[in-house]
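Okay, thanks for making time, everyone. I've got one model to walk you through, so let me put it up on the screen.

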Amino acid sequence: MNSSSHATSLLQKLYSGKVLDTEGQPLAGASVKNLVTNTTVSTDVNGIFSMPATAGDELSVTYTGYTTFKYIITANDNVLSIVLSSDMQDVEEVVVVGYNSLKESNISGAVGRVDMKVAEKRRVQDIAQMLQGQTSGVNITQSTGQPGDAIDIRVRGVGTIGNNSPLFIVDGIPTTNFSFINPADIESISVLKDASSASIYGSRAAAGVILVTTKSGKAGVTKFDVNAFTGFNNAVNLPTMMNTEQYLNTLEKAWGNSNSTGTNPYTLQKSRTDIANTDWLGELFEQGKTNSFQLSASGGTDRVSYMFSSGYYDQDGIVVYNNDKYRRLEMRSNVQAKLSDWLELKSNILVNHQDKMVVSSRGDVPGIIRHALLRPPVLGVYKDPSDPTYTTENPFTDLPFYVSPSNFQSNLYEWSQNPIALAYFSNNNVRQFKLFGNVEAAANILKDKSLRFRSNIGVELNFNHTKVFMQNFGDDERGEPTVDLGLGRHNRPNGLNEDRGEDYTITWNNILSYDKTLGEDHLVNALIGTEFINNQSSSINASRRRFEYTLDRFQYMDLGGTSQDLWNGGFANEWALFSIFSSATYSYKNRYSITGNLRADASSRFGSDNKWGYFPSVAVGWTVSNEDFFPSSSAMNYLKIRASTGRLGNQNIPNYAYLSLFSREGNITRYGNPQLRWESTLQNNLGVDMRFLNNKLEVIADIFHKKTKDILLTVSLPTFIGNVGATYVNAGQVDNKGFELSAKYRDRIGDNGNFSFGGNVTSVSNKVVALHENVPRIIGTYSRAEIGQPVDVYYGYQMEGIYQNTAEISNHLHGVSSPSTKPGDVRFKDLNGDGIINDEDRTFIGNAIPRWGYGFFAGFDYKGIDLNIFFQGVAKVNRYNDGMRIIDFDTRPFNYTTRMLGAWDGEGSSNSLPRVAFEDTGISKFSTLYIEDASYLRLKNVEIGYSFGKYVNRFGINNARLYVSAQNLFTWTNYKGLDPETTDLIDRGTYPQSKSILLGLNFNF
């Protein structure tokens, strides 16, 4: 040993340290190299290492997929804490596609990949809310804000007249919904948007496919992860309703504008001493609460890995009395075992229980929110205890200024319902128990594992229980039925409706796959498989009336009346699907790729001659940047051009629709259609993927054209045939054309931080191209589907102002000898110029399908501090605001919004709001007066957090992160309803989404 080496060894000491990622998770197998002595060690399963070194030595720490970290040791160092940041450009992402996974460079179809690091910052109840605005081509809207209500998802527009929901694949098992999954359990999400990527699921893929992979364990010691948050929810952006003084002044004016004679009764009403000044929206909405707790444990060996998780989520809605609660409890296990070098087994089991208390959230009967808009402010919430009609069981006001059945203000105020009483007596409980999971066995047939056989069997089992008790309440107005005279007018008599059902689906697929790189230039990935799906469901229901005792403990069928009003029922259903499918991808030199898919499906929903549907697709890709002629530059690093075409299918019709139905007496009640066949969608796609600035900027663009033909719809037969139901036929075509653009930029902030920002935008135009020859248009109450127009386009009159004087009326309505129209009435456009406003002047006045959808985000982290912001919105979409119609323009004395203080009140006073009156001022005609622009931009999420990292390591905690999250913080819109995000064609008074402020803590050890 020479003297210098001997001196160095004397100065060396043993240093230890721990290597973590930015989330505080240990990185097992990271390489730690002393660049002076060339000594290299690896971290253990806990991310810990130790090595001899001397002060001044430089260490280099590397780990696949992470940026290299270099550090010079000082004399004061003892235990090192090293945090590596992800470098996603270094590792090519593997994307889950149909029954398989491919490297991103080998995908030629349009596959949307959700950035889970952005999505997981959303503290929401439903996985669909995480996806909102995250990927182009996918429009996700939360139709109501009631906890537990369904989320609407559309992939590349509305392609059919019927069901437009996509197919969901969770860990390889198809399902029609994925809201039962805990968002914290999601590992990755892919959206198959074009025919090439989705046709492998051909039978039900016409509306797109969303693939979800849940988290699994990794080799290493057991890791525990805890995430909990709590917070408050409040209603925002509520309309401003008139107070009592404004309301009575407006009614006084309306009475005077209606050719009424005698003393104005509302002038007298203003002097009453028993009138209230109730803000019904303020009384109805309260502060809601949200709580969530999630715990997971994962780990394993090189042979067996596991992950167990459980979660509890509860949300009390923003309507008073907490009859709009939502509770969810789930437990999940994921176990993977390598039984030998050639055989693997894994299981994924989820148990979920949901309990939802429902109030009417869409203005539907009994319309709690709708009545909060309608109810006059002159009425109080509660009766005075000295009122002879007051009871402790029913203390609420009902009919206006009620004294007796023959003595109340029946002519001056409308008989609206008390929304607070509706909320109090609401008792609609929906429970669901779900078992969802699969067991998969995989065998490597060849030693190099290129040829592989997998068999996967999955089950989805649902038990549903709906129980609705209708408590009698309100004032007695001596209405029907006469047997129950003396009872309140609501839910007369009281009653119980109950439904219990079960539904189970068995899925069994078998797949033989081949994945091999031949030499250096050729990659082959192919599979062939079969799938069998069987669904069976049944339900039983019953109803009773006239319960003598109404406490919860007495709300059972046997305790209801038995003399009359007895209803019982039940049904059963089943359907099956058998499929054969294949897929093959070939790539040459990572430059040229081609993918072909073919799926054949046999469905029990079609007759014997049309059971089978065939769904082929092909996609090609050219990675131009891998060509020798492509210039080497930091400005543009990657360029790939993609093109695809293919056909998809849809079978979403009722079971047995092809069969004729008969009554017990032998009379036909519906004619069948044995020629009924698959609805199909032909889709073409052209896309380009680009990366710039040393892979920091990624841009993806696609244009597409979807043609859906042989649409499954119903046709009613002429009445002379008899009283028979509508028959299902194949008819019509709907086209969707559009483009998608997404971009993301990411970079580092020195050595201690990262930042990223990006967004996406989608444009979709929708048009009906053809319908059945006997059905030139499908007519709804306010909308229709007609050739050349979008699906569900609004149809009515075009308002062009307010008549200011009689001369204007005579000039415009020159075809009417003595028009009854008055100044202050609505003026409609005379489309045919005949001087008469009638049905011939109706036209298309609004599109309920958004033309544009977009989302954008920004985030950064620096030295433990992180901030994430997310916006989402839609544009060029209309909505029929029926809630505003009935309060501002109805002829009945409901309350008004304060905008009606600016209603027409003389020539030149207004050209947009008609006079207030108790007569028709043109408001009975469905027109653009009620069609509003429902475009919006919403700040969906803001979250700021701090990771304590090394400060908590001494307590055995890898990392702890404290965060504050705000949901739906601001909304920018011109829509006058409670929530522009509603997707209902008719907004009757939607339960609004709430603003939430949440405080959370996440730690792992």
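Quick housekeeping first. This is a predicted model, where local features need pLDDT of at least 70 and side-chain atom pairs count only at pLDDT 80 or more, while totals for chains, interfaces and linings use all residues. Residues are numbered from 1 along each chain as its sequence is written, and side-chain values use heavy atoms, with hydrogens and water left out.

Let's begin with strand β51, residues 994–1004. When I say strand, I mean a DSSP run of E with at least two residues, and a helix is a run of H or I with at least four, numbered from the N terminus. Two strands pair if DSSP finds at least two bridges between them. So who pairs with β51? β17, residues 220–235, runs antiparallel to it and is joined to it by 11 bridges; in that pairing, N233 sits opposite S996. β49, residues 959–973, is also antiparallel to β51, over 9 bridges, and there S965 faces L998.

In general, side chains in a regular strand alternate between the two faces of the sheet. In β51, the covered face has S994, S996, L998, G1000, N1002 and N1004, and the uncovered face has K995, I997, L999, L1001 and F1003.

There's also an open sheet of 3 strands, in the order β47-β46-β50, with mixed pairing. Its edge strands are β47 (931–933) and β50 (986–987), each pairing on one side only. β46, residues 878–881, pairs with β50 in the parallel sense over 2 bridges, and the bridge partner of Y880 in β50 is I986.

Now the cores. By nonpolar core I mean buried Ala, Val, Leu, Ile, Met, Phe, Trp, Tyr and Cys residues joined through side-chain atoms within 4.5 Å. Buried is under 20% relative accessible area, exposed is over 50%, and partly exposed is in between, using a 1.4 Å probe and protein chains only. Which residues of the largest core touch the most other members? Out of 66 residues, they are Y247, L284, F285, Y413, Y896 and M900. Elements giving two or more residues to this core include α5 (244–256), α7 (280–284) and α11 (882–888). There's a second, separate core of 26 residues, with V124, F168, V170 and I186 among them.

Out on the surface, there's a nonpolar patch with about 1000 Å² of accessible area together, including W508, F532, F578, W612 and Y614. Patch residues have over 30% relative accessible area and no salt bridge (a Lys or Arg side-chain nitrogen within 4 Å of an Asp or Glu carboxyl oxygen). Like charges are joined within 9 Å, and nonpolar side chains (Val, Leu, Ile, Met, Phe, Trp, Tyr) within 5 Å. The areas are Shrake-Rupley, with a 1.4 Å probe, and for residues only the protein chains shown count as cover. β26 (567–588) and β28 (612–623) each supply at least two patch residues. F532 lies in β25, residues 522–545, and counts as partly exposed because its relative accessibility is 36%.

R492 and P493 are joined by a cis peptide bond, omega about -5°, and P493 is in the loop between β23 (451–470) and β24 (495–518). N491 lies in the loop between β23 and β24, and has a positive phi of about 55° although it isn't a glycine. N237 has a positive phi of about 55° too, in the loop between β17 and α5.
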